[in-house]
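Let's walk through this structure together, one element at a time. Have the sequence and the model side by side as you read.

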Amino acid sequence: MENRAQFLKGCVRTLVLELLQERPMYGYEIASALKARSEGIFALGQGTLYPLLYSLEEKGLIRVEREEDAPGAGRRRCYYTLTPAGGAELEENLVTWREIARGMNLVLGGHHA
Amino acid sequence: MHDAVEQYLDEVLAYASLARGDERRVREELRDHLEELATTARENNATQEEVCTMLQNEFGKPEAIGNAIARAKGRFRTYLKKQKRRLPITLAVVFILVLLLELTVIRVFRAATDAVAPNIPLGSRMLVYKLASAFRPGDVVAFRSAEGKTRLGVVQTVDDGDGSLKVMRNGEPEQIVGRGKVIGRVVANTR
């Protein structure tokens with residue numbers, strides 16, 4: 001289980017960059033999109049999304065494009081968008097992912113599919 | 001009323017321990033998300049406790065998330081914040097170190113007279129190196145006078161035997177200063 005969480009975490013990083021490349025989104029939107037589009041596989045622990053967003057922001061891969069006050073007191077929506085550096089990072093991750101997926105399939109294919 | 005969401009937020013942010021500006025932004029951003037989650041539960045008439053459990057399940061353990069946010073916000077900021085909390089201890093340690101340094105190695109003095117002008121005029125501040133052991137004619141030294149006061153003087157001659165110094169002060173007769181009375185040599189001054 002520990003192992004699975006670690007594994008998912010690495011994947012979510014790339015998925016978040018991919019989602020933000022499509023359009024700027026705020027936290028809840030990203031969590032919902034991840035959950036819906038992965039058929040629930042990337043559903044758990046929505047809170048872990050924020051440490052990830054903040055660390056991507058600190059590294060200059062994403063930035064807050066705009067903030068708006070959500071309905072209700074003291075609620076803020078920060079729409080994150082990809083920076084050029086983030087775009088490059090995503091491209092690199094996708095290449096890596098394709099290689100890994102291909103390698104895994106080549107070895108496992110047929111036996112565990 | 002302090003509801004489930006606020007309670008959860010407080011817990012997360014206590015673990016995150018962010019700088020004030022960051023804390024506000026993170027709180028409002030997380031609040032938006034948590035309210036979004038809680039709304040559905042409230043519509044189904046969930047009790048406060050049920051909402052709490054739901055938040056833990058959907059969002060995560062406050063401790064894990066708070067700590068992860070602290071890490072993500074950069075080590076430097078966390079470091080500064082920690083230092084701020086430690087400031088009183090840091091100051092006390094620095095104070096003690098400076099005191100020890102003053103007692104053993106180097107000391108700051110201010111010239112109260114023109115006794116060793118022009119080398120060190122009145123009002124000049126200087127550093128006295130207390131570990132100095134060899135003196136030469138021409139050195140400016142600090143020593144304790146017979147009355148127990150700290151004085152400055154220019155070395156005239158050094159006694160090879162007991163190491164006592166013959167020092168000169170403007171307008172006073174030359175005096176012999178025993179080695180034990182010498183505090184140290186002036187190594188720098190603001191002249």
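Which residues in α2(A) are buried? They are Gly27(A), Ile30(A), Ala31(A) and Leu34(A), where buried means that 20 or more other C-beta atoms, placed from the backbone, lie within 10 Å of the residue's own. These four cover an arc of only 100° around the axis, which puts them on the same side of α2(A); the arc is taken over the directions from the helix axis to the C-beta atoms. An α-helix has 3.6 residues a turn, so residues three or four places apart point the same way. Just after α2(A), Glu39(A) has a positive phi of about 50°.

A word on the model: it is predicted, with local features needing pLDDT of at least 70 and side-chain atom pairs pLDDT 80 or more, while totals for chains, interfaces and linings use all residues. Residues are numbered from 1 along each chain as its sequence is written, and chains are lettered from A in the order in which they are written.

Now to where the chains meet: 18 residues of chain A are in contact with 19 residues of chain B (C-beta atoms, placed from the backbone, within 7 Å). On the chain A side, α2 (27–37), α3 (49–58) and β2 (76–82) each give two or more residues, and α3(A) gives the most, with five.

Chain B holds an open antiparallel sheet of seven strands, in the order β1-β2-β7-β3-β4-β5-β6; strands pair if DSSP finds at least two bridges between them. At its edges stand β1 (106–110) and β6 (175–177) of chain B, each with a single partner strand, so one side of each lacks a neighbour in the sheet.

Notes:
Two residues are in contact if their C-beta atoms, placed from the backbone, lie within 7 Å. A residue is buried if 20 or more other C-beta atoms lie within 10 Å of its own, exposed if 12 or fewer, and partly exposed in between; C-beta atoms are placed from the backbone.
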